[in-house]
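Hello,

Please have it open while you read.

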Amino acid sequence: MNTIVACLLALAISMPLSDASCALMPFKPGMSNGVVVGCLDEEEEGKVHEFGSRWRTENCNDCSCSRDGIGCCTSYMRPVDYDEEKCESIFNKDTCSYKVVEKDDHSKECPVHSWVG
């Protein structure tokens with residue numbers, strides 16, 4: 001229990017320092033042979049994740065299972081300080097990352113001065 005409290009305290013302190021998007025889905029028991037073995041993930045068609053396990057979703061969220069539920073945070077940094085008139089950000093789902101390129105020529109990358117996430 002002390003570990004959970006320490007983790008929640010660390011999360012509460014670090015959250016104002018980042019712009020990551022996180023969510024905690026309430027615990028739903030994942031059963032195996034009548035025993036609770038982890039978290040039931042309704043977003044992944046009822047898949048059961050073992051307690052303490054970690055995984056990355058197809059939407060680039062890093063998730064974990066605990067007795068509190070399933071916690072997920074975005075796994076990528078988002079560009080926020082670049083020339084938006086000349087450039088655009090493009091998200092690559094395969095690499096879970098953004099690339100900032102010129103609108104008229106996607107082969108030319110644009111400088112990014114600040115990222116959040």
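Glu109 counts as exposed, because its relative accessibility is 58%.

Before going further, a word on how to read all this: the model is predicted, so local features need pLDDT of at least 70 and side-chain atom pairs count only at pLDDT 80 or more, while totals for chains, interfaces and linings use all residues. Residues are numbered from 1 along each chain as its sequence is written, and side-chain values use heavy atoms, with hydrogens and water left out.

**The chain as a whole**

Helices (H or I, at least four residues) and strands (E, at least two) are DSSP runs, numbered from the N terminus. Along the sequence the pattern is α-β-β-β-β-β-β-β-β-β-β-β. Of the 117 residues in the protein chain, 21% are buried. As for contacts (heavy atoms within 4.5 Å), residues 24 or more positions apart account for 33% of those with a separation of 6 or more.

**More salt bridges**

Another joins the side chains of Glu102 and Lys86, at 3.5 Å from N to O. Glu102 lies in strand β10 (residues 97-102) and Lys86 in the loop between β8 (78-81) and β9 (87-92), so this pair ties together parts that are 16 residues apart in sequence. Is Glu102 buried or exposed? Glu102 is buried, because its relative accessible area is 17%. Lys86, with 45%, is partly exposed. Leaving aside neighbours within four places in sequence, Glu102 is in contact with Lys86, Cys87, Lys108 and Cys110.

Asp62 and Arg56 also meet through their side chains in a salt bridge, at 2.7 Å from N to O. Both partners are partly exposed: Asp62 has a relative accessibility of 33%, and Arg56 has 46%.

**The core around Trp55**

Which residues make up the largest nonpolar core? There are six: Cys39, Trp55, Cys63, Cys65, Ile70 and Cys72. A nonpolar core here is a set of buried Ala, Val, Leu, Ile, Met, Phe, Trp, Tyr and Cys residues joined through side-chain atoms within 4.5 Å. The elements that give two or more residues to this core are β6 (61-66) and β7 (69-74). Setting aside neighbours within four places in sequence, Trp55 is in contact with Asp41, Glu44, His49, Asn61, Asp62, Cys63, Ser64, Cys65 and Ile70.

**A pocket to look at**

The second largest pocket has a volume of about 300 Å³. On a 1 Å grid over the protein atoms alone, a pocket is an open set of points where a 1.4 Å probe fits, with protein on both sides within 12 Å along at least five of seven lines, and lining residues have an atom within 4 Å of a point. Grid points are joined across faces, edges and corners, and the volume is the space filled by probe spheres set on the points.

This pocket is lined by 17 residues, and Glu43, Thr57, Asn59, Asn61 and Cys63 lie nearest its centre. β1 (22-26), β6 and β7 each supply at least two lining residues, with β7 giving the largest share, four residues. The lining divides into eight nonpolar, five polar and four charged residues.

**Two cysteines with positive phi**

Cys60 has a phi near 65°, a positive value in a residue other than glycine. Cys60 sits in the loop between β5 (54-56) and β6, and is buried with a relative accessible area of 0%. Cys96 also has a positive phi, of about 55°, although it is not a glycine. Cys96 lies in the loop between β9 and β10 and counts as buried at 10% relative accessibility.

Note on methods. Buried means under 20% relative accessible area, exposed over 50%, partly exposed in between (1.4 Å probe, protein chains only). Ala, Val, Leu, Ile, Met, Phe, Trp, Tyr, Cys and Pro count as nonpolar, Asp, Glu, Lys and Arg as charged, and the others, Gly among them, as polar. A salt bridge is a side-chain nitrogen of Lys or Arg within 4 Å of a carboxyl oxygen of Asp or Glu.
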